[in-house]
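Please prepare a briefing on the protein shown below, with the cut-offs stated for each term. The points are grouped by topic.

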Amino acid sequence: MTMELAAYFQSVLEQDPAAVVICNLQHEIIYMNPAAIARYAKRGGRQLLGKSLLDCHGPASRDMIAKVLAWFAASPTHNRIYTSYNPKENKDVYMVALRSAQGELIGYYEKHEYRNPEQGRLYDFAD
């Protein structure tokens, strides 16, 4: 991947209003977008980079994370799994596999999909 293309992908993540936390296979947090830094500010925000995601979860959640990673590793077609619904925020949460160009599992991230319809007006250019 070229440096220019990497900048485009980073910009996509930086602009996403949903929290994006990317982990390697050792569960180390290697990237947090601005929404994630703000969302997890009470837990350390940016200071979570380089730390283990597992430290943020209890035993039951850690077990499920391990099961999901084993499922991701079992097949290159296992790439997304529904993990929860948050009624307070009206969103679905998924774990998503990250793979190399050769299809090798290299990490994972949590994806938040909000169910709320957009409240803004179409093409509202107001500042």
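Is Asp92 buried or exposed? Asp92 is buried, at a relative accessible area of 10%, where buried means under 20% relative accessible area, exposed over 50% and partly exposed in between (1.4 Å probe, protein chains only). This is a predicted model, in which local features need pLDDT of at least 70 and side-chain atom pairs count only at pLDDT 80 or more, while totals for chains, interfaces and linings use all residues. Residues are numbered from 1 along each chain as its sequence is written, and side-chain values use heavy atoms, with hydrogens and water left out.

**Overall layout**

- Three helices and five strands make up the secondary structure of the protein; helices (H or I, at least four residues) and strands (E, at least two) are DSSP runs, numbered from the N terminus.
- Read from the N terminus, the order of elements is α-β-β-α-α-β-β-β.
- The C-alpha trace spans about 50 × 40 × 30 Å along its principal axes.
- The protein has 127 residues, and 30% of them count as buried.
- Among contacts (heavy atoms within 4.5 Å) with a separation of 6 or more, 34% come from residues 24 or more positions apart.

**Surface and charge**

**Salt bridges**

- Side chains of opposite charge can pair when their charged atoms come close.
- The count is five salt bridges, each defined as a side-chain nitrogen of Lys or Arg within 4 Å of a carboxyl oxygen of Asp or Glu.
- One of them joins Glu89 and Arg39, at 2.7 Å from N to O.
- Glu89 sits in the loop between strand S3 (80–86) and strand S4 (91–99) and Arg39 in helix H2 (residues 34–39), so this pair ties together parts that are 50 residues apart in sequence.
- Both partners are partly exposed: Glu89 has 25% relative accessibility, and Arg39 has a relative accessible area of 34%.
- Lys91 belongs with Arg39 and Glu89 to a network of salt bridges.
- A salt bridge also connects Asp92 and Arg115, again with an N to O distance of 2.7 Å.
- This pair links distant parts of the chain, with Asp92 in strand S4 and Arg115 in the segment after strand S5 (105–114), 23 residues apart.
- Arg121 and Asp124 form a salt bridge at 3.2 Å, N to O.
- In this pair Arg121 is exposed, with a relative accessible area of 63%, and Asp124 is partly exposed at 38%.

**Strands S3 and S4**

- S3 and S4 run antiparallel and are joined by six bridges; two strands pair if DSSP finds at least two bridges between them.
- Arg80 has Val96 in S4 as its bridge partner.
- The two strands form a hairpin with four residues between them.
- Asn90 lies in the loop between S3 and S4 and has a positive phi of about 50 degrees, although it is not a glycine.

**Met95 and its surroundings**

- Met95 lies in strand S4 and is buried, with a relative accessible area of 7%.
- Setting aside neighbours within four places in sequence, Met95 is in contact with residues including Ile65, Val68, Leu69 and Phe72.
- Its contacts also include Asn79, Arg80, Ile81 and Thr83, as well as Tyr108 and Tyr109.
- Met95 and His112 are 17 residues apart in sequence, and their C-alpha atoms are 9.0 Å apart in space.

**Segment after S5**

- Tyr123 is found in the segment after S5.
- Tyr123 has a positive phi of about 45 degrees although it is not a glycine.
- Tyr123 is exposed, with a relative accessible area of 70%.
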